[in-house]
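Work through the exercises below with the sequence and the coordinates at hand. Each task is followed by a worked solution.

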Amino acid sequence: MHFTGPNAKSNTATLPDFSAVTDRLQKLVPFISLVFILTLASLLFSKDALSAEYRSNLIFVSENKKSRVASKIGPYSDKRRWQIYKKLDKEFNRLWDKRANPFAASVNTRTFRGFPYLLLEDRDRDGVADSYAYLKGKGNQDTQEFGAFWDLAGDGTLDWLVFYGGVTIAEGAKMSFWHRHLIDRNNDGKFDTLVVNNVDQDGNGMIEQGKTVWLYDANFDGRIDAAEHIVGGKVSKLQAENGRFDTKDPFSDTVRVGERFPTVFDQIASDIKKVKN
Ligand SMILES: [Ca+2]
Ligand SMILES: [Ca+2]
Ligand SMILES: [Ca+2]
Ligand SMILES: [Ca+2]
């Protein structure tokens with residue numbers, strides 16, 4: 001997966017023709033495994049490595065200043081969580097489509113095996129890094145490990161992270177991207193909320209775009225203890241059955257109450273911080 005967006009203007013390569021793919025998929029949907037879809041998608045999106053311009057443009061900035069988006073959206077609040085989520089989900093897609101703008105890089109990360117080169121970018125060009133990608137090396141941009149991040153509180157630690165999930169089939173046999181959002185609600189430097197942006201609420205194997213599930217470490221002890229579905233801003237609290245939340249997330253099993261909140265995202269945040277400083 002090339003991490004430049006599917007509609008990026010900076011790419012001269014022809015964009016994948018989704019309509020033809022969708023037609024074919026429509027007939028095959030029940031028989032195609034998710035793995036096949038992901039492979040197909042990564043082939044479709046696979047593009048050339050870094051351009052010469054890109055390579056010569058690496059700049060290193062350590063200044064800690066508030067990003068344009070953080071200034072606009074302001075600090076996280078539970079009350080505004082859906083509005084903030086909507087804005088940042090949109091913002092991630094916008095950044096993804098923007099032209100690459102390298103900010104800083106490190107070759108020493110161990111978070112994703114085989115992808116040690118962490119590249120930060122300032123895609124909205126406000127002087128603050130907003131995008132990250134773990135690469136095999138400086139010259140190889142094919143990766144699925146990328147996303148965006150913000151410091152909404154403006155205190156130098158990032159408190160909102162988006163992590164690219166992949167491609168799947170949505171209702172109407174449409175191809176759709178799905179992503180995870182991670183939030184540090186109490187701004188203590190550890191993520192405590194995981195949002196999956198598309199769930200399959202009716203359980204027919206196809207996600208319903210825009211329907212979200214939120215998993216919370218509500219008391220900030222590192223364990224998951226609450227869950228919600230939020231659809232169009234309407235919140236439904238999930239009741240645990242037999243000690244588990246049925247999240248309707250097609251990419252994971254039911255979640256046990258008390259399960260450890262995933263720590264890989266804290267590791268990503270820590271890598272990003274190291275590169276910035
Ligand atoms: Ca920026
Ligand atoms: Ca936290
Ligand atoms: Ca469905
Ligand atoms: Ca907890």
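**Exercise 1.** Locate Arg125 among the strands and state how exposed it is.

Solution. Arg125 lies in the loop that links β2 (117-121) to β3 (131-135); strands here are DSSP runs of E of at least two residues, helices are runs of H or I of at least four, and both are numbered from the N terminus. This is a predicted model, in which local features need pLDDT of at least 70 and side-chain atom pairs count only at pLDDT 80 or more, while totals for chains, interfaces and linings use all residues. Residues are numbered from 1 along each chain as its sequence is written, and chains are lettered from A and ligands numbered from 1 in the order in which they are written. Next, count neighbours: Arg125 is partly exposed because it has 13 C-beta neighbours inside 10 Å. A residue is buried with 20 or more other C-beta atoms within 10 Å of its own, exposed with 12 or fewer, and partly exposed in between, with C-beta atoms placed from the backbone. Finally, the C-alpha atom of Arg125 is 9.6 Å from that of Phe103, a residue 22 positions away along the chain.

**Exercise 2.** Describe how β6 pairs with β5 and with β7.

Solution. Pairing requires at least two DSSP bridges between two strands. Strands β5 (residues 160-170) and β6 (residues 174-183) are antiparallel and share 10 bridges. Within this pair, Leu161 is opposite Leu182 of β6. The β5-β6 hairpin has 3 residues between its strands, and Gly172 there adopts a positive phi near 85°. On to β7 (residues 193-199): it runs antiparallel to β6, with 4 bridges. Here His181 has Val195 in β7 as its bridge partner.
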